[in-house]
Amino acid sequence: MDENVKIFLGFLAGAATGAIAGILLAPEKGDVTRKNISDKASQLKSDVNDQVQKGVEKLNTLKQSAFSLINDYSQQTQAQANP
């Protein structure tokens with residue numbers, strides 16, 4: 001697994017743990033606490049989805065670059081083979 005992915009996952013785990021601990025230790029009623037947990041979970045889900053989407057976009061860009069390089073190399077090889 002890529003080092004940046006490990007760091008990002010560690011950050012998400014730490015943020016989620018801190019948010020949940022803060023909510024659970026807050027002196028509020030149970031229904032308010034449950035709503036806060038639900039809101040934080042929804043926000044975390046949204047943040048993860050945003051990061052996944054950015055990752056997919058980067059992968060697509062890398063894929064296009066790789067195909068372009070392969071195509072260029074193929075054309076160069078064909079030109080050298082057929083002078």
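The chain holds two helices and zero strands; helices (H or I, at least four residues) and strands (E, at least two) are DSSP runs, numbered from the N terminus. Please bear in mind that this is a predicted model, in which local features need pLDDT of at least 70 and side-chain atom pairs count only at pLDDT 80 or more, while totals for chains, interfaces and linings use all residues. Residues are numbered from 1 along each chain as its sequence is written, and side-chain values use heavy atoms, with hydrogens and water left out.

Let me begin with the overall form. Along the principal axes, the C-alpha atoms fill a box of roughly 80 × 20 × 10 Å. The radius of gyration of the chain is 23 Å, whereas a compact globule of 83 residues would have one near 12 Å. That radius is taken over C-alpha atoms, and the globule rule is 2.2 Å times the number of residues to the power 0.38. The accessible surface comes to about 7,000 Å², and 60% of it belongs to carbon and sulfur atoms. Such areas come from the Shrake-Rupley method with a 1.4 Å probe; for residues, only the protein chains shown count as cover.

How much of the chain counts as buried? The figure is 5% of the 83 residues, where buried means under 20% relative accessible area, exposed means over 50%, and partly exposed lies in between (1.4 Å probe, protein chains only).

I turn now to helix H1. Its 23 residues reach 33 Å from the first C-alpha to the last, close to the 33 Å expected at 1.5 Å a residue; the expected span is 1.5 Å times one less than the number of residues. Which residues of H1 are buried? They are Leu12, Ala16 and Ile23, and their cover includes helix H2, residues 30-81. Contact here means heavy atoms within 4.5 Å. Ala16 has a relative accessible area of 19% and is therefore buried. Between Ala16 and Leu44, 28 residues apart in sequence, the C-alpha distance is 7.5 Å.

Ile20 also belongs to H1, which spans residues 3-25, but Ile20 is partly exposed, at 41% relative accessible area. Together with Leu24 and Leu25, Ile20 makes a nonpolar surface patch of about 330 Å². Patches are made of residues with over 30% relative accessible area and no salt bridge; like charges are joined within 9 Å, and nonpolar side chains (Val, Leu, Ile, Met, Phe, Trp, Tyr) within 5 Å.

The structure holds one salt bridge, that is, a side-chain nitrogen of Lys or Arg within 4 Å of a carboxyl oxygen of Asp or Glu. Asp39 pairs with Lys35, the closest N and O atoms being 3.1 Å apart. Both residues lie in H2, four residues apart, about one turn of the helix. Asp39 is partly exposed at 38%, while Lys35 counts as exposed at 53% relative accessibility.

Finally, Gly55 is likewise found in H2 and is partly exposed, with a relative accessible area of 29%. The C-alpha atoms of Gly55 and Gln43, twelve residues apart along the chain, are separated by 18 Å.
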